[in-house]
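This report describes selected features of the structure shown below. The ligand surroundings are treated before the secondary-structure elements.

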Amino acid sequence: MQAPLVDQFRRRISYLRLSVTDRCDLRCTYCMPERMTFLPRKDVLSLDELHRMALGFIARGITKLRLTGGEPLVRRDVIDLIRALGRRVGADDGQGALEELTLTTNGTRLAEFADDLFDAGVRRINVSLDTLDRARFEALTRRDSLGQVMEGLAAAKAAGLKVKINTVALKGVNEADIGEIMAWAHGQGFAMSLIEVMPLGEVEGDRFDHYLPLTQVRDSLERRWTLTPSSHRTGGPARYVDVAETGGRLGFITPLTNNFCDGCNRVRVTATGQLYACLGGSEQVDLRAAMRSDDPEAALSAALDVAMAIKPARHAFAIDRAGAEPALARHMSMTGG
Ligand code: SAM
Ligand code: SF4
């Protein structure tokens, strides 16, 4: 085992979010434009490079690995990578081990992959779903795929995967659906978290129009449901409540209105191997150059030390000005959230 990753503020970094592709089969309006420019394929790390890079992180003490995108399940043969990484879950050969391998998906291809994911060692997944209404789903994602997602969720449940539904709260779009999604999700035995929309990358239209503070969502949910603060924590920005009527748990992820940076334990890597030390910052390290160097293992480890030295104390997001430029030029589909 090599030295664990600890940043300059003595935060132990144990969680990697790795984007395996920037491509996607949906076009969520808050995430990307219809005519999204995707990365040239030659710039994207191969599955083998992604695998070796992830092993380098695991050797430095990363214990939780989340695959994301773009849509991770649209990358060809991604299941081979997932199987290979799954072999690090609970490994005891001194090369570092994962406690958890997970992924964030839009669910469109889950029906095909749910059993394979479970067999590979995945036990929990996050599925993004912003409405249960077919027409609204189509308007929001620019694709008529709600049926596919619902089939995927049923397959995930049948395969034994624990599911958390992630819902972006959007003023005037799915505001009125949130209680219904929660009741449905909890009825299925799924957890749920709400996310505030973040100013990442150019999209058509102005996100400020749809920015909905979760404090407001919570107030309106409390008119109908009994929400009790929960002590549940995951080391991330989410704060949880238990919902008496449904018996389920609801998380609130509020990177814009709350300060969650002190306990930050994570870094993000794009499909081209750019490490972003903070979701809300531009501090970055080129891990692809390290992976394509003469001594990738040593170069990667040295690059991770640089990342620890530049990880900022806190993010600098703001979404408070109508018509403002995005706080960061990159899209969420690059870093995967
Ligand atoms: N395609 C997969 C999915 O949708 O779950 C994984 C990648 S997606 C970028 C990860 C999460 O980021 C999704 O839950 C999505 O709703 C969220 N997201 C995308 N753009 C966002 C934005 N500008 N603000 C807040 N959340 C965003
Ligand atoms: Fe695709 Fe996920 Fe972005 Fe939607 S949020 S366009 S599913 S990457």
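How far does a backbone N or O atom of methionine 198 lie from a nitrogen atom of ligand 1? In this predicted model, the separation is 2.7 Å.

Besides the methionine 198 pair at 2.7 Å, glycine 70 places a backbone N or O atom 3.0 Å from a nitrogen atom of ligand 1. Tyrosine 30 has a polar side-chain atom 2.9 Å from an oxygen atom of ligand 1.

## Strand 9 and its partners

Strand 9 spans residues 248-253 and is mostly covered, with five of its six residues buried. Strand 6 (residues 191-196) pairs with strand 9 in the parallel sense over four bridges. In strand 9, leucine 250 stands opposite methionine 192.

Strand 8 (residues 238-243) runs antiparallel to strand 9, and six bridges join them. Phenylalanine 252 in strand 9 has arginine 239 opposite. The hairpin of strand 8 and strand 9 has four residues between the strands, and glycine 247 there takes a positive phi near 75°.

Helix 6 (residues 178-187) is largely enclosed by the rest of the structure, because seven of its 10 residues are buried. These buried residues are Ile178, Gly179, Ile181, Met182, Trp184, Ala185 and His186.

Which elements are included in what covers the buried residues of helix 6? The cover includes helix 5 (146-159), helix 7 (214-222) and strand 5 (162-169), together with strand 6, strand 8 and strand 9. Strand 9, which contributes to this cover, is itself mostly covered. After helix 6 comes glycine 189, with a positive phi near 85°.

Notes. Residues are numbered from 1 along each chain as its sequence is written. Chains are lettered from A and ligands numbered from 1 in the order in which they are written. This is a predicted model: local features need pLDDT of at least 70, side-chain atom pairs count only at pLDDT 80 or more; totals for chains, interfaces and linings use all residues. Side-chain values use heavy atoms; hydrogens and water are left out. Buried means under 20% relative accessible area, exposed over 50%, partly exposed in between (1.4 Å probe, protein chains only). Helices (H or I, at least four residues) and strands (E, at least two) are DSSP runs, numbered from the N terminus. Two strands pair if DSSP finds at least two bridges between them. A polar contact is a pair of N or O atoms within 3.5 Å; within protein, one must be able to donate a hydrogen and the other to accept it, and residues adjacent in sequence count only if both atoms are side-chain atoms. Contact means heavy atoms within 4.5 Å.
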